[in-house]
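Look at the structure, then read on.

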Amino acid sequence: MGGKPKTMLIGEDGLRHDGRKPDEMRPIKMQVGVLANASGSAIVEYGRTRVLAAVYGPREPHQRFMVLPDRAILRVRYHMAPFSTSERKSPAPSRREIELSKVIREALEDVVLLSEYPRTAIDVYLEVLQADGGTRVAGVTAASLALADAGVPMKALVAGVAVGKVGGILVLDVDELEDSKGEADMPVAAAPDIGLVTMFQLNGVLSEDELERGLSMALTAIENIVSMEKEALKRKFEAIGEEV
Ligand code: ADP
């Protein structure tokens, strides 16, 4: 927080350091079915942030004591590749990665129909290939796509985006610079088709009004991202149709 002058983050023209308007997302790209050996997979980009998701299962877990008699267990591993940051990140799992794995699991757990697969495990591996802010929310989007690609039944698709506050202004889809130098960062994930918010975190301080406006900004963006997820899934299944 603080550090560089705020004019660096919001210029006199009201635009952000990378030329975006306050409510503008970075360019989003997504592709489903990118790995041959996983049950489902996806790659998602929010600007320079790039996350790969691989899903295995439902399958019998290696540690059989972990199974639950009435539902599948959902396991999530969020990991940042050593080459994903400008300074090499240690490949060993950090406290931050362990915490984010849990937060992302909780963002998915309420939509996956776990009771359909008792005594099994569904594993979601998230590998951050390139980090430039918003890796947890891009990770949720990638995981949702990979689960759908694996044919895991879900109540709805989930997507995430982070809203921040820089130079006193609310901004959508914060990148690493805005995250580290801004006043607040609020990652949100939701399943708009069933009206469910599944992740809601706040780092920094926002007024009640800013919080409400920020949440509504995030939810509007999430609706758009979920529409893009549906398009990405359709593209994959159309390609299969053509092959057949
Ligand atoms: P998120 O990626 O979900 O925004 P954080 O707010 O913890 O999560 O991190 C913000 C950004 O800071 C990351 O996207 C990444 O660009 C950078 N970052 C996080 N951890 C590290 C690390 N260990 N080394 C270098 N950069 C990091």
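A polar side-chain atom of D179 is 2.8 Å from an oxygen atom of the ligand, a polar contact (a pair of N or O atoms within 3.5 Å). This is a predicted model, with local features needing pLDDT of at least 70, side-chain atom pairs pLDDT 80 or more, and totals for chains, interfaces and linings using all residues. Residues are numbered from 1 along each chain, and side-chain values use heavy atoms, without hydrogens and water.

Q: Which elements give two or more residues to the shell around the ligand?
A: Helices are DSSP runs of H or I, at least four residues, and strands are runs of E, at least two, numbered from the N terminus. The elements are α2 (135–149) and α3 (176–181).

Q: What is the distance from an oxygen atom of the ligand to an N or O atom in the side chain of E176?
A: E176 is among the residues that come nearest to the ligand. For the side chain of R136, the distance from an N or O atom to a ligand oxygen is 2.8 Å. For E176 it is 2.5 Å.

Q: Which residue of β9 is the bridge partner of A190?
A: Strands β8 (residues 184–191) and β9 (residues 196–200) pair in the antiparallel sense over four bridges; pairing takes at least two bridges found by DSSP. In β9, the partner of A190 is V197.

How values were computed:
A residue is near a molecule or strand if one of its heavy atoms lies within 4 Å of it. A polar contact is a pair of N or O atoms within 3.5 Å; within protein, one must be able to donate a hydrogen and the other to accept it, and residues adjacent in sequence count only if both atoms are side-chain atoms.
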